[in-house]
Amino acid sequence: MRAPRTWPLRLRWTLAKGYHLGGLHVGGAVCGTFWFLGLTVVAIGEVGPALLLVYCAQSLVLLGILVTARPKMRAKHHDLFERVHRFGGWGLSVLFWTGAVLLADERRGGASLLTALAGTPTVWVLLTTTVSSLVPWMLLRRIPIEVTRPSSHVALVRSARSRPMAGSTRSVARHPLKQWHSFAVIPTPGAPGFRMAVSRAGDWTGDFVDNPPTHLWVRGVATAGMANYGTVFHRVVYVVTGSGIGPVLAHVLAARVPHKLVWVTRDPVKTYGQDLVDEILTAQPDTLIWDTDAYGKPDMVRLAYSAYSSSGAEAVVCVSNKRVTWTVVHGLERLGIPALGPIWDS
């Protein structure tokens, strides 16, 4: 995010909301699916039986992806969602190419098939999307990692390979054709490679903590995380709970923007290790660490507002679970305070 900090706060706040346009992804997928269903109905009697069969197969796959991607379905049957989304997407690529070839063949007249394909706009769109989807897989590689477990709740991953920018995320997997998960990467100042914090939050992460691997698969390139939008403000407050420290730790260590850190977690030393806690306090001595084992769960909105008021910050960045994030972000926005947080609608 490169907006000058000299711009009016209201404008910078609006620009920082760019991350919250994830609904465009969902809306585009839904509209595209129903548009294709309409195309399939219109094509009845207008195209050959082979092409119509391809259209029907595409419609079924699109509906399957749409149904399994519904929030409740995705949360309850995440593994099914991932398989349908991944293999269904690959299947659709094959089906779209098959349909394009059949359509060009039906309408080519006396021209050759290659000439008809070259003159079909759909083919060029397919070529672009196919290459775009292949690029991340062309960058697929298996890297060695070191894993330490300060507790049964979290595994700290370290890799000496590459050095992503501060505040970015990487997709990793134990097997390239199975589940992929994105984690914030934490560069170590003055050292090569990066780190990740994997907290127990489900089957995959639980198995990772209990049975850490020696290697991980990575693909594509690191992408900018949500907290990068905080750089458009003169000063921010990072309010994080538990393993939410991962996405903002890179910003804390890099000190890309003046900030105040509020970390609400179970016994931090016991859960994440003394080294990590010392690293945070060395980088940001005035960090407020709220130990929920000792003090119980705080009023997160009140805690965030107190840190915002006392630090002179322009905005608050909250990284927590869905309920807490929405409570803090919406609670502060009702007070006219710029607030940002992760979204779950894409």
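Glu82 counts as buried at 11% relative accessibility, where buried means under 20% relative accessible area, exposed over 50% and partly exposed in between (1.4 Å probe, protein chains only). Arg86 is likewise buried, with a relative accessible area of 12%. The side chains of these two residues, Glu82 and Arg86, meet in a salt bridge at 3.1 Å, N to O; the term denotes a side-chain nitrogen of Lys or Arg within 4 Å of a carboxyl oxygen of Asp or Glu. Both residues belong to helix α5 (residues 78-107) and are four residues apart, about one turn of the helix. An α-helix has 3.6 residues a turn, so residues three or four places apart point the same way. Helices (H or I, at least four residues) and strands (E, at least two) are DSSP runs, numbered from the N terminus.

The model is predicted: local features need pLDDT of at least 70 and side-chain atom pairs count only at pLDDT 80 or more, while totals for chains, interfaces and linings use all residues. Residues are numbered from 1 along each chain as its sequence is written, and side-chain values use heavy atoms, with hydrogens and water left out.

**Salt bridges**

By the stated rule, the count comes to seven salt bridges. Three of these pairs are tabulated here.

| Pair | Closest N to O distance |
|---|---|
| Arg12 and Glu314 | 2.8 Å |
| Glu279 and Arg195 | 2.8 Å |

Arg12 forms a salt bridge with Glu314. Arg12 lies in helix α1 (residues 9-16) and Glu314 in the loop between α13 (300-311) and β13 (315-319), so the pair ties together parts that are 302 residues apart in sequence. Arg12 is buried at 3% relative accessibility, and Glu314 is buried with a relative accessible area of 16%.

Glu279 forms a salt bridge with Arg195. Because Glu279 lies in helix α11 (residues 274-283) and Arg195 in strand β7 (residues 194-199), this pair ties together parts that are 84 residues apart in sequence. Arg195 is buried, with a relative accessible area of 11%.

**Helix packing**

Helix α9 (residues 245-254) is mostly covered, eight of its 10 residues being buried. Among them are Ile245, Val248, Leu249 and His251. Ala255 follows α9 and has a positive phi, near 50°.

The axes of α9 and α11 come within 10 Å and cross at roughly 45°; axes are lines fitted to C-alpha atoms, for helices over the stretch in contact, and angles run from 0 to 180 degrees between N-to-C directions. The two helices α9 and α11 are therefore oblique to each other, given that angles under 35 degrees count as roughly parallel, over 145 as roughly antiparallel, 65 to 115 as roughly perpendicular and the rest as oblique. α9 passes α11 in a left-handed crossing; a crossing is left-handed if the near helix is turned anticlockwise from the far one by less than a right angle, and right-handed if clockwise. Ile245, Leu249, Val252 and Leu253 of α9 make the contact with Leu276, Glu279, Ile280 and Ala283 of α11, contact meaning heavy atoms within 4.5 Å.

α13 and helix α14 (residues 322-333) pack at an angle of about 50°, their axes 9 Å apart. α13 and α14 are therefore oblique to each other, and their crossing is right-handed. On α13 the contact residues are Met300, Val301, Ala304 and Tyr305, and on α14 they are Val324, Thr327, Val328 and Leu332.

In helix α3 (residues 49-68) is found Gln58, which is buried with a relative accessible area of 1%. Not counting residues up to four places away in sequence, Gln58 touches Phe36, Leu92, Leu95 and Phe96.

**Strands**

Five of the five residues of β13 are buried, so this strand is largely enclosed by the rest of the structure. Ala315, Val317 and Val319 are buried on one side of β13, and Val316 and Cys318 on the other. Five bridges join strand β10 (residues 236-241) to β13 in parallel, strands being paired if DSSP finds at least two bridges between them. Val240 stands opposite Val319 in β13. β13 also pairs with strand β14 (residues 339-340) in the parallel sense over two bridges, and here Val317 stands opposite Leu340 in β14.

Elsewhere, four strands form an open sheet in the order β2-β3-β7-β6, with antiparallel pairing. Its edge strands are β2 (146-148) and β6 (186-187), each of which pairs on one side only. Three bridges join β2 to strand β3 (residues 154-159), and Thr148 stands opposite Leu156 in β3.
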